[in-house]
Amino acid sequence: MRSLLFLIFLMVSLALTAQTYNVGQRSIAFIDEQRSNRTISTDVYYPSDVNGTNVAVANGVVKFPVVVFGHGFVI
């Protein structure tokens with residue numbers, strides 16, 4: 001029971017201290033030269049000052065964590 005209460009307290013405290021950002025989005029195509037110049041389409045989402053496509057990354061912030069997700073059999 002104590003661990004559950006601690007977990008709830010931790011989640012609430014993290015949510016209260018989280019910063020909200022708008023979302024920028026950019027589509028990038030990478031070329032895989034080792035596989036017959038196959039094109040790998042990539043969508044990148046990042047924190048920004050305004051919502052939109054190809055907008056600048058949020059000002060005043062040095063670093064953000066990166067999460068990479070690849071889906072598919074040969075990627």
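Serine 48 is buried, at 1% relative accessibility (buried means under 20% relative accessible area, exposed over 50%, partly exposed in between, with a 1.4 Å probe and protein chains only). This is a predicted model, in which local features need pLDDT of at least 70 and side-chain atom pairs count only at pLDDT 80 or more, while totals for chains, interfaces and linings use all residues. Residues are numbered from 1 along each chain as its sequence is written, and side-chain values use heavy atoms, with hydrogens and water left out.

**Around serine 48**
- Serine 48 sits in strand S2, residues 38-48 (strands, E, of at least two residues, and helices, H or I, of at least four, are DSSP runs numbered from the N terminus).
- The side chain of serine 48 comes to 3.3 Å from the backbone nitrogen of glycine 24, and a polar atom of that side chain lies 2.5 Å from the backbone oxygen of valine 50.
- Leaving out residues up to four places away in sequence, serine 48 touches Tyr21, Asn22, Val23, Gly24, Val55, Ala56, Val57 and Ala58 (contact means heavy atoms within 4.5 Å).

**Around glutamine 25**
- Strand S1, residues 22-32, holds glutamine 25, which is buried with a relative accessible area of 16%.
- Glutamine 25 and serine 27 are joined through their side chains by a polar contact of 3.2 Å (a pair of N or O atoms within 3.5 Å; within protein, one must be able to donate a hydrogen and the other to accept it, and residues adjacent in sequence count only if both atoms are side-chain atoms).
- Beyond four places in sequence, the residues that glutamine 25 touches include Asp43, Tyr45 and Thr53.

**The salt bridge**
- Side chains of opposite charge can pair when their charged atoms come close.
- The whole structure has 1 salt bridge (a side-chain nitrogen of Lys or Arg within 4 Å of a carboxyl oxygen of Asp or Glu).
- Arginine 35 and aspartate 32 meet in a salt bridge at 3.2 Å, N to O; arginine 35 is partly exposed at 46% relative accessibility, whereas aspartate 32 is buried at 15%.

**Helix H1**
- H1 has 16 residues and spans 23 Å from its first C-alpha to its last, close to the expected 22 Å (1.5 Å times one less than its number of residues).
- The number of buried residues among the 16 of H1 is 0, so the helix lies largely in the open.
- Leucine 16 belongs to H1, residues 2-17, and counts as exposed at 70% relative accessibility.
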